[in-house]
Amino acid sequence: MKRREYRLRRQKLLIAIQAAFRDVALEDGITLRQAAALDGYGDEAAQAEARKQDEGIHWSRISPKTLQELDCPLSFLDPKGFRFYLPAYMIAALKENPCDFYVHFHLMQESGVSQRKTQPANIAAKYGFSPSQIRVIADFLELIHPEVGIQEADRIVISRWRELADAQPPE
């Protein structure tokens, strides 16, 4: 893909991510700093204190620096927290913030299942992704994975995300 075409696709995708996840609320989900406290074996008091630092922040206002510093806690987020923070990480990855590996890992391999057997429909159901969110995830994965040099297992999962996205009803 030529650089200009990539930039245009990336710009459209940035807008689509913002639209698809615009109204996602954290609700009672685990926050990033709370997940970091869990990762560090923090007790309930430490987790509660960490959570206070994140409260009231919409995912769109999280700084790229914070995302870089708190990239590993994605594994410690519950489904509500993951769905809430995912768009911030996807946008950061598209802006060449080096956190795309962590996003990739959680979208490309179902927990407890080999990558070749991963079903994106199960991942989408786990996190409660809407049809528009599924479509932008498929677009995101296709864009961040160049066609040359991609591993076969990745290609299979990305094609499954595309099939799932194409099967979604319009919203």
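Helices here are DSSP runs of H or I with at least four residues, numbered from the N terminus. With that in hand, let's walk through this predicted model. Read along the sequence, the pattern is α-α-α-α-α-α-α-α-α, so the count comes to 9 helices and 0 strands. The radius of gyration is 16 Å, close to the 16 Å that the globule rule gives for 171 residues, and the protein is therefore as compact as a globular protein of that length. Along the principal axes, the C-alpha atoms fill a box of roughly 50 × 35 × 35 Å.

Of the 171 residues, 47% count as buried. Among contacts between residues at least 6 apart in sequence, 73% join residues at least 24 apart.

Now to a pair of helices. Helix 1 covers residues 3-21 and helix 5 covers residues 79-94; they pack at an angle of about 165 degrees, and their axes lie 10 Å apart. Because angles over 145 degrees count as roughly antiparallel, helix 1 is roughly antiparallel to helix 5. Helix 1 passes helix 5 in a left-handed crossing. On the helix 1 side, the contact is made by Tyr6, Arg10, Leu13, Leu14, Ile17, Gln18 and Phe21, while helix 5 brings Arg83, Leu86, Pro87, Met90, Ile91 and Leu94. Sorted by class, this contact of helix 1 with helix 5 has 10 nonpolar, 1 polar and 2 charged residues.

Finally, have a look at the backbone in two loops. Most residues other than glycine have a negative phi. Glu27, though not a glycine, has a positive phi of about 55 degrees. Glu27 is placed in the loop between helix 1 and helix 2 (32-39), and since exposed means over 50% relative accessible area, Glu27 counts as exposed at 53%. Tyr41 also is not a glycine, and has a positive phi of about 60 degrees. You will find Tyr41 in the loop between helix 2 and helix 3 (44-54), where Tyr41 is exposed, with a relative accessible area of 78%.

Notes:
Residues numbered from 1 in each chain as written. Predicted model: local features only at pLDDT ≥ 70, side-chain atom pairs only at ≥ 80, totals over all residues. Heavy atoms only, no water. Axes fitted to C-alpha atoms, helices over the stretch in contact; angles between N-to-C directions. Parallel < 35°, antiparallel > 145°, perpendicular 65-115°, else oblique. Left-handed = near helix turned anticlockwise from the far one by under 90°. Contact = heavy atoms within 4.5 Å. Nonpolar A, V, L, I, M, F, W, Y, C, P; charged D, E, K, R; others polar. Rg over C-alpha atoms; globule rule 2.2 N^0.38 Å. Buried < 20%, exposed > 50% of the residue type's maximum accessible area, 1.4 Å probe, protein only.
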